[in-house]
Amino acid sequence: MSKVIVIDCHGHVLGRVASVVAKNLLLGKKFVLVRCEDLQVCGTLKMRLVQWELYQRKRVNTNPTRGAFHHRSPADMVRKAIRGMLPKNNYRGKLALKNLKCFEGCPAPYDKMKKSSIPAAAAIYSFNPTRKRTLLGELGTAVGWKYADVVAKNETERKEKAAKWYAAKQMKQKAIAEAKEKILADEKYKAKVAILKKFGYA
């Protein structure tokens, strides 16, 4: 069973993330994309909304209920972008798409897992500093996504909880280091410390 790779999408470009992830999905890797609302697309919000209006006109003329389906949530937008880069109609593409999960925010259990980034898709390397850009969360909210406030609230709580955990971890490490120094300096444990040093444990 292949290891799940968790990607933090904050500060990344949508198209570049999609292309890198799609290529690796076809190699059998499993991906979880978190904080999809922080992905960036080029152009102002006004320009993206004009493009959205044109995009909304795409449909099946004979039976519009068959598609196309225009997703409002950032996670679904990302999934659809990656889906468009996969051979989704054959077995290989369908299997690759099953190995992809996208989320707004950073839900459990992925909040406690190590997260990676994609340097090739970072916005600071991809965009000119003067280039106008729009967050996927802003675009989703403008076209009908209703859960931006809920995600923001959950993210604030998660960051506060993570900060408390990190502070406790730092205190624990400091206490262990002080106790170790105290023991190494104590003459009472000199013989035992010498044995530990001999085997590389002190």
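Me: How are helices assigned here, and in which one is Ile195 found?
Reply: Helices (H or I, at least four residues) and strands (E, at least two) are DSSP runs, numbered from the N terminus. Ile195 is found in helix α8, residues 190–198. This is a predicted model, in which local features need pLDDT of at least 70, side-chain atom pairs count only at pLDDT 80 or more, and totals for chains, interfaces and linings use all residues. Residues are numbered from 1 along each chain as its sequence is written, and side-chain values use heavy atoms, with hydrogens and water left out.

Me: What makes the contact of Arg35 with Asp8 a salt bridge?
Reply: A salt bridge is a side-chain nitrogen of Lys or Arg within 4 Å of a carboxyl oxygen of Asp or Glu. The closest N and O atoms of Arg35 and Asp8 are 2.9 Å apart, so the pair qualifies. Asp8 lies in strand β1 (residues 4–8) and Arg35 in the loop between β2 (30–34) and β3 (40–42), 27 residues apart. Arg35 also meets Asp38 in a salt bridge, at 3.7 Å from N to O.

Me: Why is Asp38 called buried?
Reply: Buried means under 20% relative accessible area, exposed over 50%, partly exposed in between (1.4 Å probe, protein chains only). Asp38 has 17% relative accessibility and therefore counts as buried.

Me: Why are Glu155 and Arg158 called buried?
Reply: Glu155 has a relative accessible area of 8% and Arg158 one of 18%, so both fall under the 20% limit. Both residues lie in helix α7 (residues 148–185), 3 residues apart. Salt bridges that share partners join Glu155, Arg158, Asp8, Arg35 and Asp38 into one network.
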